[in-house]
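Hi everyone, thanks for coming. Let me put the sequence and the structure up, and then we'll walk through chain B together.

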Amino acid sequence: MRSSPSEPAGAAVAERPRARGAAVKSEAVAGFDDVTYEEKRKLFEEVRSDLRFPDYLYGCYECGICVAVCPSARFYDFSPRRIAQAAARQDVELIYQQMQEDIWECSQCFSCLRCPRGNNPGGIVTIMREVAVNHGLASAKEALEGYSRIIYKIMSTGTQVSPDMLQPDAFPDWGPEVADVSNQLALWRRALPPETLHTTSTGWDVSDRTLIELYLIWLETGALDMIRDVDEGLHMILEEVMEERLEEEGIER
Amino acid sequence: MPIPVEVMLKKKERFERDPDTIPADFHDELFRLEAEGELIVQRIPDGQPVVEVPTKYGRPKRVPKGHLWHHKSCGQCGHIPGYSTSIFWVMRKLGYDYEDPRDQTSCTAWNYYASATSNEAAQAAVALRNFATAYESGYFPLIHCGTSYGHYKEVRSELLRHPELRAQVRRVMDKLGKPMVLPEEIVHYSEWFYALRHEIAARQVRDFSGIAVTVHPACHYYKLVEGDAIYDPDVYGGQRTAVVTALAEALGAEVRTYSTWFDCCGFGFRHILVQRDFTRSFATIRKIEVMKEEADPDVVLTHDTGCVTTLDKSQFAAQAHGRNVGVAVMSEAQFAALAMGAHPYKVCQLHWHSADYRPLLEKMGIDWEKAWVEFETDVAKLERGEKEFLSWEDVDG
């Protein structure tokens, strides 16, 4: 069984940006000079203090297996190896650059778990994304543009994709069958034998009590507040929907 | 290309169960926490028949045959409803009872991996709320979605490892008035199909001996917390997960391999919804075209929501560009249902799919034109108000 070292290499965070080797982008490329080093370091500390971080990083052989199996590396200027190495070196500047430029390209397939050292670059990306969302970074706002409807659906209904999302103007590249489904939706849903699937605006019929429990989870864990800086309008709408429902049920928080 | 097991077993990167790298069995910690009163472990109900299946590192896994709580998939139910319907239909035909709950939410992991607008405590609480609901019903959870399955395994690992996370989630569960519950095994529906493959084959009414299949194994099934996934020495020499392939072989189909089998489908979670140029490119160039060139399958079988969606829907645009695509895509649950005589539209709901499945149906001996008329006749009854819904009896009529 693998054991985690007590701390990753170079555990103390450097006070100043360090010179980088030729294998990584230069400081000039890193950019974001308008953001202070202290701010970048604060974000990295949030990444590093996540409970999961020590389980996701064990060092790097530089073998490149994670890159070879990474779908995003084939189509973007993205490298799971650079993610793991920047985290291991605690390269505050590069990590900030990755949070602004790279992390939303990851496919989250976790093929990189094939790492012979046991690293989880995809997991590190998950944590970096959470921090980027929590702080309303520009990359998070850009990545989630056009995505509000999905967040609204999952947080307010408990199912992420619904039959009525299948509309030809939203999915013109999915073929003419999308229009057929859209035109016949209510009828075709009633033709499904499982009784829970007759819905059109949710994946299945979710009970009221279950929704209330879900709202409590989003509110109690701070998940709803995470989107405040990324999409203020959506946050306001969802908060209102949830608070109103809880109030109707006489549930105090 | 037939499966070159001898070649696979000679590769220097072959998988071997090295005793030094076998992960600890999570049950030790699970039962320790149960003994200390930290959580409840839901056992497979007494008296339920169980199949023991082999997993990657040799630990036997218990899969219950019946009395199952179906943890549905939002992507399957929403966009590929024949996927869920086929799972239920096969279970009904084999005579195993189940619960199709309304007090279930999505695992919400599709959104989490897409947008990160959640955190580990919320994700764990969503998982435990569903598990507690299954426990209270007395039925054992069966997870339909590959991502739910993978994510719940991650949640289990995090909960077992981090007392501070357990404490945080416990406070939420107390507010909900629900207990902290984890099941003794997290079971994916494709594991149920693997375990029951011989019973399914015994009920087969259509000959699949002329059907060529390629299999796309779902990343979140076997790459996330890999020790739970089924690996069978008799399938691929134990080098790849055995689910889907073992079922297709039991049904008499010819499974052919291809070089990019390890690649993901290109789903990408956020990409499939808001950055589909990546998804379409990856799905067609790295998966479908390679399969066509190297294996020329009649159908691509897979076992996860995102993979069926991606591999099926991505072909239309590529076809318009004259690429070498055009092959049916479905879950092995739909494939098994068709083998057992299910209606291609009333049960398998193939009209929700995009890639052309009709040549496959013809090869299976199914008159799809006649079947479509039958479906439309039933739908017309709904339209005229003669019926409100089609029932299980209707779809077998």
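Domain bounds here come from an automatic or database domain assignment. By that assignment, chain B splits into domain 1 (23–189) and domain 2 (204–373). Please keep in mind that this is a predicted model, where local features need pLDDT of at least 70, side-chain atom pairs count only at pLDDT 80 or more, and totals for chains, interfaces and linings use all residues. Residues are numbered from 1 along each chain as its sequence is written, with chains lettered from A and ligands numbered from 1 in the order in which they are written.

So how do the two domains meet? Their centres, taken over C-alpha atoms, are 25 Å apart. Two residues are in contact if their C-beta atoms, placed from the backbone, lie within 7 Å. On that basis, 37 residues of domain 1 of chain B contact 33 residues of domain 2 of chain B. On the domain 1 side, H4(B) gives the most, with nine residues. Helices are DSSP runs of H or I with at least four residues, strands are E runs of at least two, and both are numbered from the N terminus.

Now zoom in on Leu160(B), which sits in helix H7 of chain B. Is Leu160(B) buried or exposed? It is buried, because 20 other C-beta atoms lie within 10 Å; the cut-off is 20 or more for buried, 12 or fewer for exposed, and partly exposed in between, with C-beta atoms placed from the backbone. Leaving out residues up to four places away in sequence, Leu160(B) touches Phe26(B), Glu29(B), Leu30(B) and Leu33(B).

Finally, the partner chain: 75 residues of chain B are in contact with 63 residues of chain A.
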